[in-house]
Amino acid sequence: MLTFRMKCLPLILAFLLTSAFGKPPEDIQDKLDVFANDNPGGIAVAWVDADGVTFFSGGRFSLNDDRPITPDTQFEIGSITKVFTALLLVESERQGKVSRFDPVGKYLLSADDPDQEKLAKITLHALTTHSAGLLKMPFNSWNYSAGHGSSSERYDREAMIKALRFSGPSAPVGRAWAYSNFGLAMLGEALAEAWGESYEAILRAHVLTPLGMNRTTLAISGRASPDNLAPGHHDGNRVGVWRALAMAPAGALRSSARDMSILLQAALGGKDAPLQQAFIETTTPQREAVAMGGQMGMGWLISGSETDPIPWHNGGTAGHRSFMGFSRDRGLGVVVLTNHRINLDKFGFNLLGVKRPRPTGMVVKDAQSYVGKYRASGAENVKISEQKSMLYASFSKEGKRILRKISGDRYAVLNVPAEIVFERDAAGKVVSLVYNLNGEDTRVKKRD
């Protein structure tokens with residue numbers, strides 16, 4: 001019987017790393033087979049260059065499902081969905097439905113709503129550049145999770161507007177880059193309101209169909225999954241599918257290596273490629289994003305250098321991971337999809353021939369006050385440590401990460417689109433924290 005060896009995966013990924021400039025590594029298929037050997041699930045890669053698209057894949061659906069992973073296997077692509085929402089924003093503006101500098105309240109609140117003025121600084125542009133200062137997940141999302149799986153499955157627009165009214169007026173708009181699923185989801189809902197149709201319908205009409213991505217679908221709550229969706233895995237175990245309602249524009253797309261290669265071909269294409277102007281605008285740097293080690297476009301993260309910028313994004317759900325990036329100057333791009341919960345960034349950047357971006361940390365004046373072990377029954381333990389006045393969070397499942405202050409007791413977890421909010425008692429002592437990882441909020445108490 002085959003057994004799962006999670007401890008081998010980091011070594012296997014290190015073995016996979018091979019610099020590539022212009023052509024895929026000759027032995028990439030052998031290495032993908034090593035990655036998939038004796039593991040539930042598998043991996044799919046699409047390599048795009050001047051000669052077209054080359055596909056590679058390894059592994060199978062799961063230990064109990066021998067169907068091979070192919071270029072047409074469906075994966076949950078998670079936060080790469082944000083790139084599609086950004087493209088939809090630019091297309092909606094081009095067709096006169098919105099301005100990127102409109103306040104989001106213009107579309108989600110009535111014209112005479114008293115909160116319009118309080119929320120005026122939160123524009124569609126601020127949302128797509130993660131500049132609105134909003135939490136990674138809305139404060140009330142946890143109310144929708146107990147006993148019902150992912151909080152996103154039941155979280156609707158009404159709940160989102162309630163969170164906007166609560167968090168929006170005090171959000172530090174424009175002061176710091178703060179990755180926010182909440183913000184991108186709200187952008188998608190605002191665009192849907194501007195068109196008078198569902199997000200799913202307008203995304204299909206104005207982005208997916210023009211690109212020819214006919215097999216890319218949205219995971220809407222209550223809807224059956226496609227038969228060729230590879231089941232997700234975490235710590236060797238199968239996990240449930242990822243679905244959403246109002247949070248869908250931030251991370252609910254499912255796609256395949258073949259369909260994602262169509263997106264990359266368009267992004268790399270000339271003036272006659274579909275949505276070409278939208279790709280140019282969304283991949284133009286808008287602000288610094290030091291917490292991710294680069295710059296922020298609209299939806300896209302941008303790393304690399306001035307002479308060879310690399311627009312990219314990654315994604316993660318409970319049991320899937322994804323990476324997508326390209327170099328327009330060198331005419332190449334890659335997509336990597338897996339139904340393992342394991343970070344693909346280093347592998348993806350190496351295929352692109354560049355180093356993974358290194359974020360800038362931040363010195364914390366009262367770093368020692370946060371240090372300790374935070375534990376809760378049934379939840380992941382978190383250890384907060386300090387070194388040279390910089391804070392680190394150690395997760396059993398995600399490793400040790402640098403923390404960067406956003407504001408007050410709120411910190412971004414670097415290299416991972418996650419964040420931590422520390423909580424204090426009446427005397428001002430840190431007593432607990434809430435961390436958001438993979439779209440879920442978890443509160444754990446400080447034990448020492």
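Visitor: In what order do the 3 strands of the open sheet come?
Guide: The order is β4-β8-β5, with antiparallel pairing. Strands here are DSSP runs (E, at least two residues), numbered from the N terminus, and two of them pair if DSSP finds at least two bridges between them.

Visitor: Which strands stand at the edges?
Guide: β4 (75-76) and β5 (217-218); each has a single partner strand, so one side of each lacks a neighbour in the sheet.

Visitor: How many bridges join β4 and β8?
Guide: β4 pairs with β8 (residues 253-255) over 2 bridges. Phe75 has Ser255 in β8 as its bridge partner.

Visitor: Where does all this come from?
Guide: This is a predicted model, where local features need pLDDT of at least 70, side-chain atom pairs count only at pLDDT 80 or more, and totals for chains, interfaces and linings use all residues. Residues are numbered from 1 along each chain as its sequence is written, and side-chain values use heavy atoms, leaving out hydrogens and water.

Visitor: New topic. What share of the protein chain is buried?
Guide: Buried residues (under 20% relative accessible area, 1.4 Å probe, protein chains only) make up 57% of the 448 residues.

Visitor: Which residues touch the most other members of the largest nonpolar core?
Guide: Among them are Phe84, Met186 and Met324, in a core of 78 residues. A nonpolar core is a set of buried Ala, Val, Leu, Ile, Met, Phe, Trp, Tyr and Cys residues joined through side-chain atoms within 4.5 Å.

Visitor: Which helix gives the largest share of this core?
Guide: Helix α7 (residues 181-195), with 9 residues; helices are DSSP runs of H or I, at least four residues.

Methods. Buried means under 20% relative accessible area, exposed over 50%, partly exposed in between (1.4 Å probe, protein chains only).
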